Amino acid sequence: MATHPSAWQSVPLPQRHAWSRRQMWLTAATAAQLPDLTGMRLAAAVHLDIKAAVFLEAFAEAGAQVAVMPVNPATTRSDVATYLNGRMRVFAMDAAAASAEACLDWDPTHTLEMGADLTMAAVARGHDGLTAAIEVTRSGITRLRDLDLPHPVFDLDRVPLKNNVHNRYAVGISTWQAFMSRTNLTLHGSVVVVVGYGEVGSGLARAAVALGARVLVAEESAERRLIAEYEGYETGTLALLAARADVLVTATGRERVISENVLPLLTSGCFVLNAGHSADEIALDVLGPGTEVLPHVTSHRPFAGEILLLSGGHLVNLAAGDGDSLNSFDLTSALMVSAVGWASSGAASHPPGVHRLPPEAWAPSIENY
């Protein structure tokens with residue numbers, strides 16, 4: 001699939017980089033308070049765009065040795081990877097398992113992860129050399145449930161401002177921006193079925209309504225269905241709502257939510273897109289190979305009708321767009337910077353397992369507002 005850069009991605013890298021550093025002022029203020037990170041070997045498994053360059057450089061400037069594992073080729077900007085490779089170790093984006101193994105062979109002391117690939121690989125190989133991991137995504141935390149973890153993992157996704165600001169607001173806006181820019185369609189008059197009503201799902205619903213859509217919510221949890229109903233949305237099971245969708249968007253962090261049982265229910269011409277971390281939320285093997293009708297839009301006909309898939313099922317706001325805006329992502333970026341600084345000395349006293357990130361790990365970034 002041709003990538004066809006957006007207008008923002010077509011801006012020369014030095015200009016994009018300078019503008020990003022200027023606008024992500026909270027990250028800069030938090031980075032200025034980092035302790036000396038000399039001796040830390042930080043492996044970062046992240047979506048690699050220009051915003052990532054800003055926080056990754058902060059760690060290197062504080063003295064850490066940094067290695068980067070791009071978590072998805074579809075969300076990796078090659079010019080950013082080339083630029084960073086001059087300042088730190090950037091691993092080639094092969095299969096995730098192979099890249100994770102190579103990254104662990106680099107002998108990191110700490111990890112900063114989006115999706116838990118490094119921690120999963122550490123568990124599989126019995127790796128005990130890590131002091132701590134910081135996991136940024138709900139998808140990553142979900143993957144780690146019930147595992148015998150060899151080191152403490154700190155859940156940054158549950159930090160209140162990450163969960164209630166970035167997840168609830170920023171992702172929904174950037175998802176629909178990517179959809180509209182790649183299709184030249186608005187949501188006016190469309191029925192949008194949002195699958196999953198966590199913080200990301202609620203933000204997708206709210207932004208879609210603001211853009212003229214009629215929103216239905218498919219959610220397994222009775223509690224979250226009730227919340228969605230109180231907020232004015234019709235709810236139901238995905239099996240009941242799928243046939244009514246003009247646009248179907250998933251944000252659950254679970255594999256094969258849009259399954260082989262759901263796909264045949266969709267009306268011909270329905271758009272399917274993923275706002276969660278992994279393309280595994282969609283049964284891509286059932287869709288089979290598609291035909292490109294627009295950059296980032298492929299037509300699939302595994303059944304009688306047509307399904308239009310956005311960005312190969314990958315995280316649509318980054319794979320087909322520019323991701324979250326600089327100013328909205330600045331908060332999450334600052335939280336990551338603060339958390340890594342805390343982990344350099346504060347994580348070692350915690351036992352293996354998943355832990356909430358304590359307030360002292362992230363409060364300094366908020367105090368910079």
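Start with the sheet: 8 strands make an open sheet with mixed pairing, in the order 9-8-7-10-11-14-13-12. Strands here are DSSP E runs of at least two residues, helices are H or I runs of at least four, and both are numbered from the N terminus; two strands pair if DSSP finds at least two bridges between them. Select 234-236 and 291-294 to get the edges, strand 9 and strand 12, each of which pairs on one side only. On average, neighbouring strands in this sheet are turned by 25° against each other, direction ignored.

Before going on, some housekeeping. This is a predicted model, where local features need pLDDT of at least 70 and side-chain atom pairs count only at pLDDT 80 or more, while totals for chains, interfaces and linings use all residues. Residues are numbered from 1 along each chain as its sequence is written, and side-chain values use heavy atoms, with hydrogens and water left out.

Now pick 191-195 and 247-250: strand 7 and strand 10 pair in the parallel sense over 4 bridges. V195 stands opposite T250 of strand 10.

(Angles run from 0 to 180 degrees between N-to-C directions, with axes fitted to C-alpha atoms, for helices over the stretch in contact; contact means heavy atoms within 4.5 Å.)

Next, which residues have the most contacts inside the largest nonpolar core? Show L48, F55, L56, F59 and L112, from a core of 50 residues. Such a core is a set of buried Ala, Val, Leu, Ile, Met, Phe, Trp, Tyr and Cys residues joined through side-chain atoms within 4.5 Å; buried means under 20% relative accessible area, exposed over 50%, and partly exposed in between (1.4 Å probe, protein chains only). Helix 14 (326-346) is among the elements giving two or more residues to this core, and its 11 residues are the largest share. Centre on F59: leaving aside neighbours within four places in sequence, its contacts include L34, V66, L112 and M336. Apart from this core lies another, of 28 residues, among them V171, V192, A205 and V217.

Last stop: helix 1 (13-23), where L13, R16, H17 and S20 are buried. The face turned away from the buried side of helix 1 carries exposed P14 and R22. Helix 3, helix 4 and helix 14 are among what covers the buried residues of helix 1.
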